[in-house]
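Colleague: I would like to learn how to read side-chain features in a model. Please take me through them one at a time.

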Amino acid sequence: MGEHWALGPAAGSSLLLCSALLAVGCALGLRLGRGRSAVERWVLAWLCYDALVHFVLEGAFVYLSIVGNVADSQGLIASLWKEYGKADTRWLYSDPTVVSLEILTVVLDGFLALVLIYAIVKEKYYRHFIQIVLCVCELYGCWMTFFPEWLVGSPSLNTSSWLYLWVYLVFFNGLWVLIPGLLLWQSWVELKKRDYQEANSVKKLK
């Protein structure tokens, strides 16, 4: 039982790499958001982290999966995916559904995250359109990653350890459900406010 609570070197280095990307993302986002509200600064911090994860971690996963597979690969990022593969073995052996989703995630979601950062910093009119599209894409990616697996009884998922279940599967994937959900809500509130303001302006002109 005790081994399920042990945090080994591979897990430690993987979490450290994720933490380093988070620190870089937050630093970039907070710098880009200087002079803006606290909410907007943290939105930018998340988006910078999001883009880094898509391009650095998931981009590397796609490359490793196309030229071979994660299980037979070497290197720091390969070690991270091998560690995550202990919780979900589909990531070790180039599962076609997972790889297909990750290609879409890297190319589309990564690009949209960069466009959204630009739109926020430059206060572009299309900001919330891009934000909604990005969030829907990320929620769809989470749905298609896990629901087909759950429908067949989750043969690839290992939930025997608290680390694999609550940290790797629930926490890290849950971030890409919770935060896109909050950003969708932010866009809804902002668009509703703009519609209300425009309606009032029209009434005043009449």
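Colleague: Is Lys-193 buried, exposed or partly exposed?

Modeller: Buried means under 20% relative accessible area, exposed means over 50%, and partly exposed lies in between (1.4 Å probe, protein chains only). Lys-193 has a relative accessible area of 41%, so Lys-193 is partly exposed. Salt bridges that share partners also join Asp-88, Arg-90 and Glu-149 into one network.

Colleague: What should I know about the model itself?

Modeller: This is a predicted model: local features need pLDDT of at least 70, side-chain atom pairs count only at pLDDT 80 or more, and totals for chains, interfaces and linings use all residues. Residues are numbered from 1 along each chain as its sequence is written, and side-chain values use heavy atoms, with hydrogens and water left out.

Colleague: How many salt bridges does the structure hold?

Modeller: Side chains of opposite charge can pair when their charged atoms come close. A salt bridge here is a side-chain nitrogen of Lys or Arg within 4 Å of a carboxyl oxygen of Asp or Glu. The structure holds seven. One of them joins Glu-40 and Arg-127, at 2.7 Å from N to O. This pair links distant parts of the chain: Glu-40 sits in helix H2 and Arg-127 in helix H5, 87 residues apart. Helices are DSSP runs (H or I, at least four residues), numbered from the N terminus. Both Glu-40 and Arg-127 are buried.

Colleague: Which residue forms a salt bridge with Lys-86?

Modeller: Glu-83 does, with the closest N and O atoms 2.9 Å apart. Glu-83 is buried, at 4% relative accessible area. Lys-86 is partly exposed, at 39%.

Colleague: Where does Glu-149 sit, and what is it in contact with?

Modeller: Contact means heavy atoms within 4.5 Å. Glu-149 is in helix H5, residues 127–151. Its relative accessibility is 6%, so Glu-149 counts as buried. Leaving aside neighbours within four places in sequence, the contacts of Glu-149 include Arg-90, Pro-155 and Ser-156. A polar atom of the Glu-149 side chain lies 2.6 Å from the backbone nitrogen of Ser-156.

Colleague: Which residues make the nonpolar surface patch?

Modeller: Patch residues have over 30% relative accessible area and no salt bridge; like charges are joined within 9 Å, nonpolar side chains (Val, Leu, Ile, Met, Phe, Trp, Tyr) within 5 Å. Accessible areas come from the Shrake-Rupley method with a 1.4 Å probe; for residues, only the protein chains shown count as cover. Here Tyr-63, Ile-66, Val-67, Ile-103 and Val-107 make a patch of about 520 Å². H2 gives the most, with three residues. Ile-103 is in helix H4 and is partly exposed, at 35%.

Notes
Helix = DSSP H or I, 4+ residues; strand = E, 2+ residues; numbered from the N terminus. Polar contact = N/O pair within 3.5 Å; in protein donor to acceptor, adjacent residues only side chain to side chain.
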